[in-house]
Amino acid sequence: MKLIELIKILSLTVYSPNAVPDIEVTGGYTCDLLSDVMGSVNEGQIWITLQTHRNVAAIATLKDVAAVLLIKGLKPDQEMLDKALAEEIPILGTNENAFEISGKIYHLITQ
Amino acid sequence: MKEFLADLHIHTVLSPCGDFEMTPRNIVDAALGKGLNMIAITDHNSTRMCRIISEYAATKDLTVIAGAEVNTSEEVHCLALFGTWEQVEVFQFFLDEHLLDIQNKPSIFGDQVVVDSDENIQYTEKRSLITGLKVSIDEVESFVHHLDGLFIPAHIYRRQNGIIHQLGMLPKNLNYDALELTPGSYSDEYVRNNKPEVNHSLIFNSDAHFIDQIGKFSTRLMMESTEFSELKFALKNSEGRSVTGLQRN
């Protein structure tokens with residue numbers, strides 16, 4: 001599923017950038033331990049987390065994820081946002097919790 | 001100039017996970033027994049035991065530094081150490097303001113009590129001290145340095161609450177006064193091979209929760225005295241002061 005479709009269907013907030021890249025979301029990974037994410041998330045996946053530290057953007061870039069999705073209404077720290085903008089990593093948001101949004105995304109991607 | 005032995009990460013009975021035996025008298029006696037010249041009292045998210053232990057040690061040959069082991073919103077444990085009681089007081093306000101309003105359950109997590117040198121309970125902390133504060137690691141670092149304190153990420157390689165485990169890598173934007181290692185499966189080779197690229201002092205502390213753990217890991221410091229300002233120089237390797245060795249007992 002295209003990232004732009006996912007954003008529309010789930011009414012996700014887009015923190016960056018304004019123009020969402022035309023990319024495919026191939027899967028997802030839900031985790032808040034950044035060391036684990038570094039070893040486990042794959043290119044093209046959407047990373048679902050509550051961490052808003054600047055290292056999130058660094059790891060998202062390193063692993064070439066499709067987007068970072070912040071849960072529970074959390075907003076990215078300014079440094080995270082700046083880094084994500086520079087590296088063109090989409091940062092998204094939702095008010096739902098990790099369980100709910102992961103379930104919905106799993107269903108949309110695998111249906 | 002002289003070499004001093006320091007263990008800058010010790011919990012007390014106030015930490016829910018700190019043993020009931022971790023009272024002012026027992027801690028000071030154990031530290032002296034282990035040949036330590038300097039200790040820091042670092043309970044989880046609280047400085048409330050520091051003054052009692054410092055006062056108890058005042059007539060003894062042991063310097064007690066006041067501080068806390070802060071748990072940030074990213075659930076990273078960091079030591080914050082201070083040189084004056086004014087700084088400690090302001091930092092305690094900061095901790096009280098940002099501690100989550102979650103009640104401690106002593107039956108599950110342990111008691112959180114301040115005891116005096118006669119082992120009488122002076123105060124009971126009702127809110128859970130082990131949770132992450134509402135402030136980020138960046139804000140904690142900045143506030144500690146605003147107060148002229150020392151900011152030292154604790155047990156950096158530990159899987160529970162170590163900075164590298166929680167954040168994947170050492171954030172480059174923060175100002176670290178040192179990085180701490182605590183007992184675990186570290187060989188000298190491991191320490192050498194995993195020294196972070198950035199040039200920070202590496203220190204050993206015990207992270208003692210039980211009396212017999214005090215001084216198990218400690219750091220040798222070359223300084224003029226055990227004054228806080230001397231410790232600052234030693235961690236920075238400046239003014240001829242330095243970290244001269246890491247000790248495992």
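**Figure 1. Chain A of the predicted model comprises five helices and five strands.** Read from the N terminus, the order of elements in chain A is α-β-β-α-β-α-β-α-β-α. The radius of gyration of chain A is 12 Å, close to the 13 Å given by the globule rule for 111 residues, so chain A is as compact as a globular protein of that length. The C-alpha trace of chain A spans about 35 × 30 × 25 Å along its principal axes. Buried residues make up 39% of the 111 residues of chain A. Of the contacts in chain A between residues at least 6 apart in sequence, 48% link residues at least 24 apart.

**Figure 2. Chain A meets chain B through twelve residues of chain A and ten residues of chain B.** On the side of chain A that touches chain B, helix 2 (34-40) and helix 3 (54-63) of chain A each contribute at least two residues. Helix 2 of chain A provides the largest share of that side, four residues. Sorted by class, this side of chain A holds five nonpolar, four polar and three charged residues.

**Figure 3. Helix 1 (residues 24-33) of chain B packs against helix 2 (residues 50-57) of chain B.** The angle between the two helices is about 55°, and their axes are 9 Å apart. Helix 1 of chain B is therefore oblique to helix 2 of chain B. The crossing of these two helices of chain B is right-handed.

**Figure 4. Residues at the contact of helix 1 with helix 2 in chain B.** From helix 1, Pro24(B), Arg25(B), Ile27(B) and Val28(B) meet Ile52(B), Ile53(B), Tyr56(B) and Ala57(B) of helix 2. By class, this contact has seven nonpolar residues, no polar residues and one charged residue.

Conventions. Residues are numbered from 1 along each chain as its sequence is written. Chains are lettered from A and ligands numbered from 1 in the order in which they are written. This is a predicted model: local features need pLDDT of at least 70, side-chain atom pairs count only at pLDDT 80 or more; totals for chains, interfaces and linings use all residues. Axes are lines fitted to C-alpha atoms, for helices over the stretch in contact, and angles run from 0 to 180 degrees between N-to-C directions. Angles under 35 degrees count as roughly parallel, over 145 as roughly antiparallel, 65 to 115 as roughly perpendicular and the rest as oblique. A crossing is left-handed if the near helix is turned anticlockwise from the far one by less than a right angle, and right-handed if clockwise. Two residues are in contact if their C-beta atoms, placed from the backbone, lie within 7 Å. Ala, Val, Leu, Ile, Met, Phe, Trp, Tyr, Cys and Pro count as nonpolar, Asp, Glu, Lys and Arg as charged, and the others, Gly among them, as polar. The radius of gyration is taken over C-alpha atoms; the globule rule is 2.2 Å times the number of residues to the power 0.38. A residue is buried if 20 or more other C-beta atoms lie within 10 Å of its own, exposed if 12 or fewer, and partly exposed in between; C-beta atoms are placed from the backbone.
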